[in-house]
Amino acid sequence: MIRATRHASPPSADWLAEPMMVMRAPVEQVLKRALRRLARRRPNPFERLAEHDQSTFLIVPANWPVAFALTARVDGDVRVVRTRSPGKFTARIEGRIEDLLDLFDGTLDADSAFFSRTIQVEGDTGAVLALHNALEAAELSVADLVGAPVGGALINHASRTARRAARRMRSEAA
């Protein structure tokens with residue numbers, strides 16, 4: 001198990017936990033449908049993760065009061081959980097939301113993100129490596145993540161633009 005030192009955190013967003021948990025059902029449904037649609041359209045990443053089909057990956061956007069518990073298999077599941085009490089997980093991957101999305105679509109190199117501590121990983125690193133390799137081979141986009149049947153190019157462009165703006169604002173504030 002690898003534990004990385006966490007970055008100093010800005011003030012907590014715990015006050016947002018309750019409203020986000022109230023809205024979790026529709027978010028879970030959208031993400032679960034997207035995951036299952038992706039599994040039907042592009043089964044290869046799921047086949048590559050077959051050894052880890054019982055693994056739960058906790059995806060934690062830094063400074064968010066909620067995280068996403070992902071079971072990456074054909075009949076997979078995505079649950080919104082409280083960051084402070086996520087339940088059992090196989091591996092935890094934490095970073096700023098824009099960095100997590102960049103990892104997902106291949107904009108950010110996972111190895112450099114890990115070694116620079118842009119992301120933190122704990123738990124079963126073999127499962128994380130399998131997830132990384134499956135995502136890298138699949139060449140997915142943010143539109144795939146949200147299961148957009150149309151308008152994928154627009155969603156991907158908007159996502160990249162928003163992430164660049166977030167980084168620019170963060171660097172200007174520093």
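Let's start with confidence. The protein has an average pLDDT of 82, and 86% of the residues score at least 70. Strand β4 (residues 91–95) has the highest confidence, at 96, while helix α7 (residues 142–146) has the lowest, at a mean of 69. Residues 1–10 have a pLDDT below 50, yet this stretch has 21 contacts in the model beyond near neighbours in sequence. Where pLDDT is low, the predicted coordinates should not be read in detail.

Threonine 56 belongs to the loop between α3 (44–48) and β1 (57–61). Here is how these residues score for accessibility:

| Residue | Relative accessibility | Class |
|---|---|---|
| Threonine 56 | 14% | buried |
| Arginine 117 | 42% | partly exposed |

What is threonine 56 in contact with, leaving aside its neighbours within four places in sequence? The list is Ala69, Leu70, Thr71, Arg79, Lys88, Phe89, Thr90 and Ala91. Take alanine 69: it is 13 residues from threonine 56 in sequence, and their C-alpha atoms are 6.2 Å apart in space. Threonine 56 is classed as buried because its relative accessible area, 14%, is under the 20% cut-off.

**A hairpin**

Next, have a look at strands β2 (residues 66–71) and β3 (residues 77–82). They pair in the antiparallel sense over 6 bridges, and a hairpin of 5 residues joins β2 to β3.

**The largest pocket**

Rolling a probe the size of a water molecule over the atoms shows where empty space is left. The largest pocket holds about 1100 Å³ of space. Its lining is made up of 43 residues, and Ile59, Leu100, Phe104, Leu131 and Leu135 lie nearest the centre. Which element gives the largest share of this lining? That is helix α6 (residues 125–138), with 7 residues. By class, the lining of the largest pocket has 34 nonpolar, 3 polar and 6 charged residues.

Methods
Residues are numbered from 1 along each chain as its sequence is written. This is a predicted model: local features need pLDDT of at least 70, side-chain atom pairs count only at pLDDT 80 or more; totals for chains, interfaces and linings use all residues. Side-chain values use heavy atoms; hydrogens and water are left out. On a 1 Å grid over the protein atoms alone, a cavity is a set of points where a 1.4 Å probe fits but cannot get out, and a pocket is an open set with protein on both sides within 12 Å along at least five of seven lines; lining residues have an atom within 4 Å of a point. Grid points are joined across faces, edges and corners, and a volume is the space filled by probe spheres set on the points. Helices (H or I, at least four residues) and strands (E, at least two) are DSSP runs, numbered from the N terminus. Ala, Val, Leu, Ile, Met, Phe, Trp, Tyr, Cys and Pro count as nonpolar, Asp, Glu, Lys and Arg as charged, and the others, Gly among them, as polar. Two strands pair if DSSP finds at least two bridges between them. pLDDT is the predictor's confidence in each residue, from 0 to 100. Contact means heavy atoms within 4.5 Å. Buried means under 20% relative accessible area, exposed over 50%, partly exposed in between (1.4 Å probe, protein chains only).
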